[in-house]
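Please consider the structure shown below together with its sequence.

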Amino acid sequence: MDLYNQIFENNKKWISEKKANDGNFFEHLAEGQNPEILYIGCSDSRVTAEDMTGIQPGQMFVHRNIANLVPNNDNNSAAVIEYAIDQLKVKHVVVCGHYNCGGVRAAMQAKDLGILNPWLRNIRDIYRLYKDELNLIADEKLRYNHLVELNVKEQCINVIKMAVFQKSFLENGFPNVHGWVFDIHTGELKDLQIDFFKALQDIKEIYDLGTGNSK
Ligand code: CO
């Protein structure tokens, strides 16, 4: 059986397994979702959001695109973040990058990639922002890994630039923002321990949208 047709067999098996554990699994699922986490990750087929985290249906709102970006003018990721924070009231927003990211690698190369050019330019801009720091790393692989991490950090900062985040954080004290990197070589998920309170203070002067002054 080819992979495509295997999917429907897998689905039948999955339904029986879920029902075996909880007879009312799908009735509960149909009632609604209350995810605590918004996960923003790469579309890379090797970096599964739910499987690698052991997350069950209903627990995590997921957005994936090439190189886990949150560009300032991207309506797609902005709508996901707005909905997750404002309506679903998620407690955590995670941006998860991964080593060996083809998107990040492509942005380090002198190559015309058509429609991907403006998308990956977001990563080239990060390279420019951290050029001195990155160029001190002689080993290309280590430099590439560091750019993966800096990309995660900058996408977290893009989340905290948004009014919907600032408003919720000032009113409710959440969501917290976390930067992760998935290591494809080991399967390990690493929390980059980005101090987002500090990041928030650092950028406040420039990106403050006055959401705290509106009441
Ligand atoms: Co990737």
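In which loop does Ala67 lie? Ala67 belongs to the loop between β2 and α4, where helices (H or I, at least four residues) and strands (E, at least two) are DSSP runs numbered from the N terminus. The model is a predicted one, in which local features need pLDDT of at least 70, side-chain atom pairs count only at pLDDT 80 or more, and totals for chains, interfaces and linings use all residues. Residues are numbered from 1 along each chain as its sequence is written, and side-chain values use heavy atoms, with hydrogens and water left out.

Ala67 has a phi near 70°, a positive value in a residue other than glycine. Ala67 counts as buried because its relative accessibility is 0%; buried means under 20% relative accessible area, exposed means over 50%, and partly exposed lies in between (1.4 Å probe, protein chains only). Gln193 likewise is a residue other than glycine with a positive phi, near 50°. The place of Gln193 is the loop between β5 (189–191) and α10 (196–207), and Gln193 is exposed, at a relative accessible area of 62%.

Two further loop residues deserve attention. Pro175 is located in the loop between α9 and β4 (176–182), and a cis peptide bond with an omega of about 5° joins Phe174 to Pro175. Gly58 sits in the loop between α3 (49–53) and β2 and is partly exposed, with a relative accessible area of 33%. Leaving aside residues up to four places away in sequence, Gly58 touches Asn34 and Pro35, a contact being heavy atoms within 4.5 Å. Gly58 and Pro175 are 117 residues apart along the chain, and 18 Å separates their C-alpha atoms.

As a whole, the protein has ten helices and five strands. Its C-alpha atoms fill a box of roughly 55 × 50 × 30 Å along the principal axes. Of its 215 residues, 40% count as buried. Among contacts with a separation of 6 or more, 65% come from residues 24 or more positions apart. The accessible surface is about 12600 Å², and carbon and sulfur atoms contribute 50% of this surface; the areas come from the Shrake-Rupley method with a 1.4 Å probe, and for residues only the protein chains shown count as cover.

The metal site comes next. Cys42 (SG), His98 (NE2) and Cys101 (SG) coordinate the cobalt ion at 2.0 to 2.3 Å. Donors here are N, O and S atoms within 2.8 Å of the metal (3.2 Å for Na, K and Ca), and sites may look incomplete because water is not among the atoms. Along the chain, the donors of the cobalt ion follow the spacing C-x55-H-x2-C. Cys42 is buried, at a relative accessible area of 5%, and His98 and Cys101 are buried as well.

How many disulfides does a search of the whole structure find? The search finds zero, a disulfide being a pair of cysteine sulfur atoms within 2.5 Å. Cys156 is in no disulfide, and the nearest cysteine sulfur, that of Cys96, is 10 Å away. Cys156 is buried, with a relative accessible area of 5%.

Helix α4 (residues 75–87) has 13 residues and should span 18 Å at 1.5 Å a residue; its end C-alpha atoms are 17 Å apart, which agrees. The expected span is 1.5 Å times one less than the number of residues. The buried residues of α4 are Ser77, Val80, Ile81, Ala84 and Ile85. Seen down the axis of α4, these buried residues fall within an arc of 110°, so they line one face of the helix; the arc is that of the directions from the helix axis to the C-beta atoms. An α-helix has 3.6 residues a turn, so residues three or four places apart point the same way. The buried residues of α4 are covered by elements including β1 (37–42), β2 (60–65), β3 (92–98), α8 (140–160) and α9 (163–172). On the face turned away from the buried side, α4 carries the exposed residues Asn75 and Gln87. Just after α4, Lys89 takes a positive phi of about 55°.

Helix α10 has twelve residues, but its end C-alpha atoms are only 14 Å apart, short of the 16 Å that a straight helix would reach at 1.5 Å a residue. Its buried residues are Phe196, Ala199, Leu200 and Ile203. These cover an arc of only 95° around the axis, which puts them on the same side of α10. They pack against α8, α9 and β4, while Gln201, Asp202 and Glu205 are exposed on the other side of α10.
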